[in-house]
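Okay, thanks everyone, let's get going.

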Amino acid sequence: MNLIFFGPPGAGKGTQAKKLVAERGIPQISTGDILRSHTREGTALGKKAKEYMEQGLLVPDQLVIDMVDDRLGKPDAQNGYILDGFPRTVGQAVALDQLLGKRDAEIDKVLVLRVPDEKIVARVVGRRMCKACGSVFHLEFQPPAVQGVCDACGGELYQRTDDTAEKVRVRLNEYAHNTEPVAAYYKQRGIVAEIDGVGDIDAIYQRLTSALDE
Ligand code: ADP
Ligand code: ADP
Ligand code: ZN
């Protein structure tokens with residue numbers, strides 16, 4: 001199954017995607033995670049993307065599209081995947097259709113996580129990530145057993161430089177202007193399921209899997 005997890009920054013896409021990966025064995029393809037590994041390693045792509053990411057702005061379409069094209073060609077992506085954080089513009093959605101067309105594949109479902117803006121800020125500002133394995137925590141809503149230490153691997157937790165109240169406002173603005181129209185693009189096809197993304201993480205996961213199995 002080829003899925004898209006859609007929603008504003010901090011909606012819980014990564015958190016929910018990781019649960020589905022564990023249950024269904026299809027990979028999560030997060031363009032944010034791939035871009036962060038490029039900036040960490042200082043690749044040519046990472047150098048180009050960094051200034052946009054630090055400001056909370058979207059990285060130019062073509063950089064992201066080429067990156068996804070490459071990722072969809074990997075062996076583990078041949079039996080389905082979860083696209084997390086892509087496509088984020090209508091231009092990316094059109095390009096994705098072309099990438100899928102040449103592989104004779106299609107998107108089966110788009111799961112939209114709905115979370116109001118006022119909840120988003122608290123989620124993003126309290127988010128902490130593991131330097132080693134990328135696991136996601138929250139200071140208040142999903143705290144690790146030992147402060148600053150990853151439950152999964154013992155790695156050190158850090159706060160992303162773009163996870164500040166100021167940057168989240170820029171990112172929400174990018175989302176409203178450039179990303180939200182992507183939902184309408186897929187709605188025309190009747191493959192969108194809207195999920196209430198507020199509440200207990202396991203309860204949201206239940207809603208999400210029942211929408212998938214419908
Ligand atoms: P996204 O991938 O959509 O940006 P994340 O999955 O990283 O979002 O979640 C953002 C932050 O909110 C994380 O710190 C996570 O621990 C927390 N979070 C995720 N789901 C919930 C929820 N249902 N209630 C409260 N906090 C949540
Ligand atoms: P979040 O889910 O919290 O918004 P991500 O990790 O998905 O965070 O993205 C972090 C940053 O990486 C974005 O603010 C943007 O600069 C860049 N980025 C990630 N995915 C895309 C994309 N599909 N198109 C353009 N920029 C992207
Ligand atoms: Zn870890």
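Before the numbers: when I say polar contact, I mean a pair of N or O atoms within 3.5 Å; within protein, one must be able to donate a hydrogen and the other to accept it, and residues adjacent in sequence count only if both atoms are side-chain atoms. With that in hand, look at Arg36: an N or O atom in its side chain sits 2.8 Å from an oxygen atom of ligand 2.

Quick housekeeping. This is a predicted model, where local features need pLDDT of at least 70, side-chain atom pairs count only at pLDDT 80 or more, and totals for chains, interfaces and linings use all residues. Residues are numbered from 1 along each chain as its sequence is written, chains are lettered from A and ligands numbered from 1 in the order in which they are written, and side-chain values use heavy atoms, with hydrogens and water left out.

Back to ligand 2, then. The side chain of Lys13 also has an N or O atom 3.3 Å from an oxygen atom of ligand 2. On the nitrogen side, a nitrogen atom of ligand 2 is 2.9 Å from a backbone N or O atom of Gly85.

Helices and strands are DSSP runs numbered from the N terminus: H or I with at least four residues, E with at least two. For the classes, Ala, Val, Leu, Ile, Met, Phe, Trp, Tyr, Cys and Pro count as nonpolar, Asp, Glu, Lys and Arg as charged, and the others, Gly among them, as polar.

Now ligand 1. Of the 18 residues around it, Thr15, Arg127, Phe137, Gln142 and Gly199 come nearest. A polar backbone atom of Gly12 is 3.0 Å from an oxygen atom of ligand 1. One nitrogen contact goes to the side chain of Arg123, with an N or O atom at 3.4 Å, and another goes to a polar backbone atom of Gly199 at 2.8 Å. Ligand 1 alone exposes 560 Å², of which the protein buries 92%. Two or more residues of its shell come from each of α1 (13-24), β6 and α8 (201-213). In classes, that shell has 8 nonpolar, 7 polar and 3 charged residues.

On to the sheets. One is open, with 5 strands in the order β2-β3-β1-β4-β8 and parallel pairing; strands pair if DSSP finds at least two bridges between them. β2 (28-30) and β8 (192-196) are at the edges with a single partner strand each, so one side of each has no neighbour in the sheet. Strand β4, residues 109-114, is joined to β8 by 5 bridges, and Leu113 stands opposite Ile195 in β8.

The other sheet is open too, with 3 strands in the order β6-β5-β7 and antiparallel pairing. There β6 (136-138) and β7 (157-158) are the edge strands with a single partner each, so one side of each is left without a neighbour. Between β5 (residues 127-130) and β6 there are 3 bridges, and Arg128 has Phe137 in β6 as its bridge partner.

Most residues other than glycine have a negative phi, and most peptide bonds are trans. Here the bond from Phe86 to Pro87 is cis, with omega near 0°, and Pro87 is in the loop between β3 (81-84) and α5 (90-102). Asp104, in the loop between α5 and β4, has a positive phi near 60°.

Conventions
Near = heavy atom within 4 Å. Areas by Shrake-Rupley, 256 points an atom, 1.4 Å probe, with all protein chains shown as cover.
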